[in-house]
Amino acid sequence: AVSTNASCRQLAFTDIGKSCQFGTDCQSRVCFGSAAAGFFCSRRCNDDSLCAPGFRCVTSAGDAARFCEKIP
């Protein structure tokens, strides 16, 4: 669901896509990926428009939440 609360605003993170090991390595506190593809700083999203160029919004099976993922 998209928030309709005017006081909620989208935050911009400058380290999306940076390599990480832990959520605490990232401004968004989201370190996302896989052992095969590598882990990188990501963010929660509702659709692709919240993701940087070269990223898409995908649903994480483990979390049932949506995150920005690098487009291979």
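What is the handedness of the link of Cys-26 and Cys-41 about the S-S bond? In this predicted model, that link is left-handed, with -85° about the S-S bond.

**View 1. The disulfide of Cys-26 and Cys-41.** The sulfur atoms of Cys-26 and Cys-41 lie 2.1 Å apart. Cys-26 belongs to the segment before β1 and Cys-41 to strand β2, so the pair ties together parts that are 15 residues apart in sequence. Cys-26 is buried, with a relative accessible area of 1%; Cys-41 is also buried, at 0%.

**View 2. The surroundings of Asp-15.** Asp-15 is placed in the segment before β1 (31-34). Beyond its neighbours within four places in sequence, Asp-15 contacts Asp-25, Cys-26, Gln-27 and Cys-41; Cys-26 and Cys-41 are the two partners of the disulfide in View 1. Asp-15 is buried but has no salt bridge. The nearest side chain of opposite charge is that of Lys-18, 4.8 Å away, whereas a salt bridge requires a nitrogen-oxygen pair within 4 Å.

**View 3. The backbone at Arg-29.** Arg-29, in the segment before β1, has a phi near 65°, a positive value in a residue other than glycine. Arg-29 is exposed, with a relative accessible area of 55%.

**View 4. The disulfide of Cys-45 and Cys-57.** The S to S distance between Cys-45 and Cys-57 is 2.0 Å, and the link is right-handed, with 100° about the S-S bond. This pair links distant parts of the chain, Cys-45 in the loop between β2 and β3 and Cys-57 in strand β3, 12 residues apart. Cys-45 is buried at a relative accessible area of 6%, and Cys-57 at 8%. Setting aside residues up to four places away in sequence, Cys-57 touches Cys-45, Asn-46, Asp-47, Asp-48, Cys-51, Arg-66, Phe-67 and Cys-68.

**View 5. The disulfide of Cys-51 and Cys-68.** Cys-51 and Cys-68 are bonded with their sulfur atoms 2.1 Å apart. The torsion about their S-S bond is about -85°, so this disulfide is left-handed. Cys-51 lies in the loop between β2 and β3 and Cys-68 in strand β4, 17 residues apart. Cys-51 counts as buried at 11% relative accessibility; Cys-68 is buried at 1%.

**View 6. The largest nonpolar core.** This core has 11 residues, among them Val-30, Phe-32, Phe-40, Phe-55, Val-58, Ala-65 and Phe-67. Cys-45, Cys-51, Cys-57 and Cys-68 are also included. The elements giving two or more residues to the core are β3 (55-60) and β4 (65-70).

View 7. The average pLDDT of the chain is 86, and 85% of the residues score at least 70. Among the elements, β1 has the lowest mean pLDDT (90) and β2 (residues 38-41) the highest (94).

Technical notes. Residues numbered from 1 in each chain as written. Predicted model: local features only at pLDDT ≥ 70, side-chain atom pairs only at ≥ 80, totals over all residues. Heavy atoms only, no water. Core = buried A, V, L, I, M, F, W, Y, C linked by side-chain atoms within 4.5 Å. Buried < 20%, exposed > 50% of the residue type's maximum accessible area, 1.4 Å probe, protein only. Helix = DSSP H or I, 4+ residues; strand = E, 2+ residues; numbered from the N terminus. Contact = heavy atoms within 4.5 Å. Lys, Arg positive; Asp, Glu negative; His and termini not counted. pLDDT = per-residue confidence, 0-100. Disulfide = S-S within 2.5 Å.
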